[in-house]
Number of protein chains: 2
Amino acid sequence: MPRAKPPPISTLALASAGEVEEQFYAALRRADLEALMTLWADDDDIVCVHPGGLRVIGPSAIRASFEAVFSNGPIDIHPEKVRRLEAPAFAVHSLLERVRVRGATGAETGWVVATNAYVETPVGWRIVAHHASPGARNEPQDGADPSAVLH
Amino acid sequence: MPRAKPPPISTLALASAGEVEEQFYAALRRADLEALMTLWADDDDIVCVHPGGLRVIGPSAIRASFEAVFSNGPIDIHPEKVRRLEAPAFAVHSLLERVRVRGATGAETGWVVATNAYVETPVGWRIVAHHASPGARNEPQDGADPSAVLH
């Protein structure tokens, strides 16, 4: 039996950066490439940095990178501690992604630090940048240990 | 003899995101905390993610983190391969930071991937977000190896 599909993104309002962000993480949890790509702005300079350090630029390359990611299945990922910097036509959100991964001793929780930038376009809010990088091993405490900083 | 100081930031136009970015990396190269902090927007939600994964939020915490960084002296850092996503009042730049560090076998070049977000304020363009994270060991090739991606 085919699973129930969520409504197509094009029928959603995406009336705020927050709505786009919610859909973004929901698409990662479903490994839904089409839904995920609809959330990005149609611009050659959109950018995605994956936790491994790989920088991917433009819609085609970003699609290919997430296709590779989803070949391993959905991602158990949840945004937490979101800080929002909002302006009339753009927003920058900083958050911690709580990710469940299979480790040597079973399921483990990992933390990823993400910066997400959004713009309001004629068809609603869209992602222009997603930068994700490894956080602390345990749940990061913001600003807790500046002495450990390279720059 | 006191070294020649650059002109104070407040007398600079900072008429574009690009100018702010140039001043930002120049301040890192001089370990000039005052100049560096003047480049940030005056907002409690400005955010800085350092390559070690530490997320720092707000002007006071960001200042403290860079004070710790500069206790080790200036940083030999140069932005390269800048991609610019520009709008009338904000901009997102993605770039690779080439950093010279002392390694086990002498000076080594490291690569850091950075996303810098800027807004135009009544007093000129300012930084609202700087997210830096370790890049590939060698000079990263954008989108070269999506199979190595976690997400």
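Visitor: Across the interface of chain A and chain B, how many residue pairs are in polar contact?

Guide: Good place to start, and please keep in mind that this is a predicted model. The count takes pairs in which both residues have pLDDT 80 or more. Across the interface of chain A and chain B, the number of residue pairs in polar contact is 10.

Visitor: Which element gives the most residues to the side of chain A that touches chain B?

Guide: Several elements of chain A give two or more residues to that side, among them strand E1 (47-49), helix H3 (59-70) and strand E5 (106-121). Strand E6 (124-134) is also one of them. With seven residues, the element that gives the most is E6(A).

Visitor: By class, how many nonpolar residues does that side of chain A have?

Guide: Let's go through the classes. The side of chain A that touches chain B has 10 charged residues and 13 polar ones. Its nonpolar residues number 32.

Visitor: What is the area buried between chain A and chain B?

Guide: The size of an interface is often given as the accessible area lost when the parts come together. Here 55 residues of chain A are in contact with 55 residues of chain B. Carbon and sulfur atoms give 66% of the buried area, which is about 4200 Å².

Visitor: Which residue of chain A meets Asp45(B) in a salt bridge?

Guide: The rule finds two salt bridges across the interface of chain A and chain B. Asp45(B) sits in the loop between helix H2 (33-38) and strand E1 (47-49) of chain B, where it touches Arg83(A), Arg84(A), Leu85(A) and Ile57(B), leaving aside residues up to four places away in sequence. The salt bridge has an N to O distance of 2.7 Å, and the partner of Asp45(B) is Arg83(A).

Visitor: Does Asp45(B) count as buried, partly exposed or exposed, and which of these is it?

Guide: The relative accessibility of Asp45(B) is 22%. Buried means under 20% and exposed means over 50%, so at 22% Asp45(B) counts as partly exposed.

Visitor: Is Ser65(B) buried or exposed?

Guide: Ser65(B) is found in helix H3 (residues 59-70) of chain B, and its side chain reaches the backbone oxygen of Ile62(B) at 2.8 Å. The relative accessible area of Ser65(B) is 1%. With the limit at under 20%, Ser65(B) is buried.

Visitor: In what order do the elements of chain A run from the N terminus on?

Guide: Chain A has three helices and six strands. Of its 151 residues, 48% count as buried. From the N terminus on, the order is α-α-β-β-α-β-β-β-β.

Conventions
Residues numbered from 1 in each chain as written. Chains lettered and ligands numbered in written order. Predicted model: local features only at pLDDT ≥ 70, side-chain atom pairs only at ≥ 80, totals over all residues. Heavy atoms only, no water. Contact = heavy atoms within 4.5 Å. Buried area = accessible area lost by both parts, 1.4 Å probe. Salt bridge = Lys/Arg side-chain N within 4 Å of Asp/Glu carboxyl O. Polar contact = N/O pair within 3.5 Å; in protein donor to acceptor, adjacent residues only side chain to side chain. Helix = DSSP H or I, 4+ residues; strand = E, 2+ residues; numbered from the N terminus. Nonpolar A, V, L, I, M, F, W, Y, C, P; charged D, E, K, R; others polar. Buried < 20%, exposed > 50% of the residue type's maximum accessible area, 1.4 Å probe, protein only.
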